[in-house]
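Visitor: Hi! I'm new to this one, so could you walk me through it with me asking as we go?
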Amino acid sequence: MTDGADMESDLRQRVREAHRAREPLRIAGGASKDFYGRAVEGAPLDISAHRGVLRYDPAELVLSARAGTRIDEIETLLGEHRQMLGFEPPRFSGGATIGGALSAGLAGPRRPYAGAVRDFVLGVKILSGKGEVMRFGGEVIKNVAGFDLARLMTGALGTLGVLLEVSLRVIPRPQAERTLLLEQPNAAEAVACFNRLAARPLPLSAAAWHDGAARIRLSASEAGVAHAAAAIGGETDNSAGENFWRQLRDHELPFFTERRKLWRLALPPAAELPACAARAPQWIDWGGAQRWLAGDLDRDALCAAAAERGGHVTCFRHFDPRGEVFQPLAPAARALHLRLKRAFDPAGILNPGRLYAGV
Amino acid sequence: MNHPHHISRGALARRFRKFLPRESVIDRPDSLRAYECDGLSAYREAPLLVALPETPEQVRRALRLCGELGVPVVSRGAGTGLSGGALPHPRGVVLSVAKMNAVLEIDAANRTARVQPGVRNLAVSEAARDLNLFYAPDPSSQIACTIGGNIAENAGGVHCLKYGLTVHNVVAAKVATIDGGLLALGGAPDAPGLDLLALLIGSEGMLGVVVEATLKLLPRPESERVLLGAFDSVERAADAVAAIIAAGIIPAGIEMMDNPAILAAEDFIQAGYPRDAAAILLCEVDGIEADVAAQTAAVEKIFAQHGATETRIARDERERALFWSGRKGALPAVGRISPDYYCIDGSIPRRQIGRVLAGISRLAGEAGLRIANVFHAGDGNLHPLILYDAGTPGELEKTEALGAKILELCIAAGGTITGEHGVGVEKIGGMCTQFSDAELAQFHAVREAFDPSRLLNPGKAIPTLARCAEHNAMHVHRGQLRFPELERM
């Protein structure tokens, strides 16, 4: 489909050797998300040369690509057929690969309305920690044969397998999109408004708030967007448009580029902001379900408050990568993580410790 | 599986009655009969006993006890599954969650429903109706089937192309493990660490027992419209489906029926389907009124461009229900023209539909059996219904052999042996064809991370490598594929 190169046998050989030697590997794609997760000590295993779209049939809504294929390349191809990736994966510094997008499991502003990364995963081909090539899932929309190990790879940060190929469900590009700008000085009011709107049959595709301004994106037919815009009110944000959502997705807005601690607080969308974070500068995305906080905060207090609300905290950027950066797991869940790690990677060589110490 | 000792029915019942009310432990052989099978009634087995816990704590105690005694556990919702996933183990306990049937909370602000596992699928949407919200997955058994069973099977339904499967609509779950522990999986919008919730969904009761689930509720669409298109070939109908999707329209549902299915439905339901059509499509579009109007016009045009011999648009709610009635009643209708039928659940890339249906027709001819096809056309999930008579000696075996061949055809077409019904006990042989030894070994390793003694639903979903060696040897040595009475693990 697109130019590429098949590096599978080289990669398999490399993992087999590492397994035999019990030599840790640090899996790398486009290096766009090196900051994310914990530090890994290991020899680099570069998958970025294993690239190319393998199959894409727009009428099937399915695309399969080698893991090292750049997201930009995939989006360009999809765009030619007026389709796209529903989870709007962030690129950050630009070289992001589809394998990295799945491994990190990070999604853009469309996520609460279109779905999470794993919701679009249909199948994967992986190398286990023993260097075995395995396929799970497939290229069909509905498939319940065997455990869903394809979705389990999503967000696992390469700790369970080296992604070789991924098959994704894609979605049609909406005919029309419009961003509405509503003045709203109060963050809690903005969140309440986003949730009221989400309970109505409106074609929302993003809802974010920062510094007195709420922005709502609508995606539908021309007539549908006009109808929804009239129902919601506010003014059309002509200056921002798609560029704004791209900058929010890739953390290019000034709030995100300052060199200070950046926290990701994931909460049920209507949850109240914990009191311990009340004074922190914040960006609200995902209609309230993803809140970015900046600066020095009490991690333990924030984690406890998030857990109480059914959410969790990630130390996203500018933290010590040798410490824990993800919300601590309950003892039973932690023990299960360790057992699953061993089930896929008995020698502990794949991105060891990227997710949690020992995983 | 070998366990050091086998406990007697009476002794086990006494242990269960220490923490469950007398009537919640069923051990009389005549009462156990009701639990002998699920929706796949060709397979039957009486369990040692049935336990009906009423609280998560009782589920945990039941699992801990079975874990200590080495007694297999088969969890069960409403028993409507079609793959024998809830078939009892002869030395095991059936753990029915039927009594845990409370909707615990409807959270209007976050648009979620917190429910117990025995809640019926349709009851969730009913509980959210006042808020104009609904729970999207709608398997055809939704009046009876439970959320616990839906999670175990990753149940689908007519609307999954647009609204997703169970895995897309569950926010979180609390799961009891075989050691009596409790895991809280998932969360809104996501959870730290590995995505264990996604792993749980569709795991066929082999990793744990769901004791509570939080489900996503969606706003009811403002408007819905259904079109019926008749075609003189299955290929033309399939091309029309591809054209709809290529035009950027994701219908809420798009279903195909072939001529034998149309005739069966018409004979008993009189939905007004054209009896001479080779295939009909039922296409439902929903959303805001402006989009629905535009999409209805677009679908009508695409039907015409692909040679539809007739297109009807339901004028009102009554007619919409009538259009759907024939499709929804297709299985019972087929049940009335044949003493028995066997529902296959293969899933294929949609572009293969013409080739696969031709192959199915050829295989059916060779086997001397009739087939009616209903098809979730939007997502490639095919349900051939093989008509047979279990009263005729050898016909069930012939039917199962035909089913297995159809599934091999689906795999060869780039598809899978099960789109939404699960592997259960029924398609365990097909797993050997679809997966390599390394992949099957990986499934077992994952299972053992949750359940090291392999007591949860043993013999289902994931075949042992020894069993596959036997299965695959049969394939090589016999022209005619058959499933003899293999022992279940």
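Visitor: What covers the buried residues of α4(B)?
Guide: Since this is a predicted model, take every position here as a prediction. The cover over the buried residues of α4(B) includes β5 (103-107), β6 (112-115), β7, α5 (147-153) and β10 (209-216) of chain B.

Visitor: And which residues of α4(B) are the buried ones?
Guide: They are B:N121, B:A123, B:V124, B:S125 and B:A128.

Visitor: Why is B:L131 called partly exposed?
Guide: Because it has 15 other C-beta atoms within 10 Å, and a residue counts as buried at 20 or more and as exposed at 12 or fewer.

Visitor: Which residues is B:L131 in contact with, leaving aside its neighbours within four places in sequence?
Guide: B:I106 and B:A108. There is also B:R111, 20 residues away from B:L131 in sequence, with a C-alpha to C-alpha distance of 9.3 Å.

Visitor: Zooming out, how is chain B divided?
Guide: Into domain 1 (1-220), domain 2 (223-333) and domain 3 (338-477). The C-alpha centres of domain 1 and domain 3 of chain B are 24 Å apart.

Visitor: How many residues of those two domains of chain B are in contact?
Guide: On the domain 1 side 31 residues, meeting 28 residues of domain 3 of chain B. In domain 1, α3 (56-69), β3 (73-76) and α6 of chain B each give at least two residues to the side touching domain 3. That side of domain 1 of chain B has 18 nonpolar, eleven polar and two charged residues.

Visitor: Now sheets! In what order do the seven strands of the open sheet in chain B come?
Guide: The order is β15-β12-β14-β13-β17-β18-β16 in chain B, with antiparallel pairing. At the edges are β15 (310-313) and β16 (340-343) of chain B, each pairing on one side only. From one strand to the next, the twist averages 15°.

Visitor: How many bridges join β13 to β14 of chain B?
Guide: Six, between residues 253-258 of β13 and residues 279-287 of β14 in chain B, and these strands run antiparallel. For instance, B:I254 has B:C283 in β14(B) as its bridge partner.

Visitor: What does α8(B) touch on the sheet?
Guide: α8(B) packs against β12 (223-231), β13 and β14 of chain B, and its direction makes about 15° with that of β14(B). Helix α11 (residues 317-328) of chain B lies across β12, β13, β14 and β17 (370-376) of chain B, at about 55° to β12(B).

Visitor: How about helix on helix: at what angle do α9 and α12 of chain B cross?
Guide: At roughly 85°, with the axes of α9 (residues 259-269) and α12 (residues 330-337) of chain B coming within 8 Å. So α9(B) is roughly perpendicular to α12(B).

Visitor: Which residues meet there, in α9(B) and α12(B)?
Guide: From α9(B) there are B:A261, B:A264, B:A265, B:D267, B:F268 and B:I269, and from α12(B) B:A330, B:A333, B:V334, B:R336 and B:I337. By class, this contact of α9(B) with α12(B) has nine nonpolar, no polar and two charged residues.

Visitor: Over to chain A. How is chain A divided?
Guide: Chain A has domain 1 (8-172) and domain 2 (176-258 + 260-317). Their C-alpha centres in chain A lie 27 Å apart, and twelve residues of domain 1 are in contact with 15 residues of domain 2 of chain A.

Visitor: Which residues of β1 in chain A are on the covered face?
Guide: A:L25 and A:I27, while A:R26 and A:A28 form the uncovered face of that strand. Side chains alternate between the two faces of the sheet in a regular strand.

Visitor: In what sense does β1(A) pair with β2 of chain A?
Guide: The pairing is parallel, over four bridges, and β2 covers residues 43-46 of chain A. There, A:A28 has A:D46 in β2(A) as its bridge partner.

Visitor: Last one: how many residues does each chain bring to the contact between the chains?
Guide: Chain B brings 71 residues and chain A brings 70 residues. On the chain B side, α16(B) gives the most, with seven residues. That side of chain B divides into 37 nonpolar, 22 polar and twelve charged residues.

Methods: Residues numbered from 1 in each chain as written. Chains lettered and ligands numbered in written order. Predicted model: local features only at pLDDT ≥ 70, side-chain atom pairs only at ≥ 80, totals over all residues. Contact = placed C-beta atoms within 7 Å. Nonpolar A, V, L, I, M, F, W, Y, C, P; charged D, E, K, R; others polar. Domains from an automatic or database assignment. Pairing = 2+ DSSP bridges. Axes fitted to C-alpha atoms, helices over the stretch in contact; angles between N-to-C directions. Parallel < 35°, antiparallel > 145°, perpendicular 65-115°, else oblique.
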